[in-house]
Amino acid sequence: MENKGQRILIIDDDTQIRRFLRVALTSHGYIVKDAKTGREGLEAVAMFSPDLVVLDLGLPDLDGLDVVRQLREWTRVPIIILSVKEQESDKITALDSGADDYVTKPFGMGELLARIRAAMRHIVGIEEQPILHFEDLTLDLLHRRVSRDDHEIKLTLTEYEIVKNLAINAGKVLTHSYLLRTVWGPSYEKEVQYLRVYIGQIRRKLERDPSRPRHIITEPGVGYRLL
């Protein structure tokens, strides 16, 4: 199978969810291990070395956000949050804490599989991969060049920095505050409309149909991801 050898760790205290995910993911070729507490999950990440972690926020022993923060102290493994919490503030907090994506329960397996593929797609460090490809788009990090179908696209310095940050975190949702803080500085964290204007400009340059973007995807109220 196409996913043979890729390892997924499920950290969730709901026995039925763990069983369902284990069966569904195994049927798609993944190697699956599960843990029912935060501490078991942290130990399993060290021992199992997963390629991706699916994590519930409501664990019996540790707050799921604490698990995210502890993992981010020593690993870049992609983390997808699976939670009943659906407020934008919960999603933003989880993503800013280091999670890569956020899926709310109840969820469709097709959606979760797509999020898993996206999170796993670009986990190679940029030092090892200075040229990133996204279908018709290419980003040359070494020469700071963006092209579509081998035709260079002229971006301003700020536009390039936004695209670069999205590209090196491809598949991961970057919150408004993260992009504003990273590209413009901490004093701009609340200037969401400022970011929206730039995203609109970038889409007009990069997307074949800016009104139906294929690459820069909006996560309403939260941020953007690049696919």
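Trainee: Which side chains meet in a salt bridge?

Mentor: This is a predicted model, in which local features need pLDDT of at least 70, side-chain atom pairs count only at pLDDT 80 or more, and totals for chains, interfaces and linings use all residues. Residues are numbered from 1 along each chain as its sequence is written, and side-chain values use heavy atoms, with hydrogens and water left out. A salt bridge places a side-chain nitrogen of Lys or Arg within 4 Å of a carboxyl oxygen of Asp or Glu. At 2.8 Å from N to O, the pair is Arg225 and Asp101.

Trainee: How is the protein chain divided, and what distance separates the domain centres?

Mentor: The bounds come from an automatic or database domain assignment, giving domain 1 (7–126) and domain 2 (131–226). Taken over C-alpha atoms, their centres are separated by 25 Å.

Trainee: What area do domain 1 and domain 2 bury between them?

Mentor: Buried area is the accessible area (1.4 Å probe) that two parts lose on being put together, summed over both. Carbon and sulfur atoms carry 55% of the area here, and the value is about 1200 Å².

Trainee: How many residue pairs are in polar contact between domain 1 and domain 2?

Mentor: A polar contact is a pair of N or O atoms within 3.5 Å; within protein, one must be able to donate a hydrogen and the other to accept it, and residues adjacent in sequence count only if both atoms are side-chain atoms. With both residues at pLDDT 80 or more, the count is 4.
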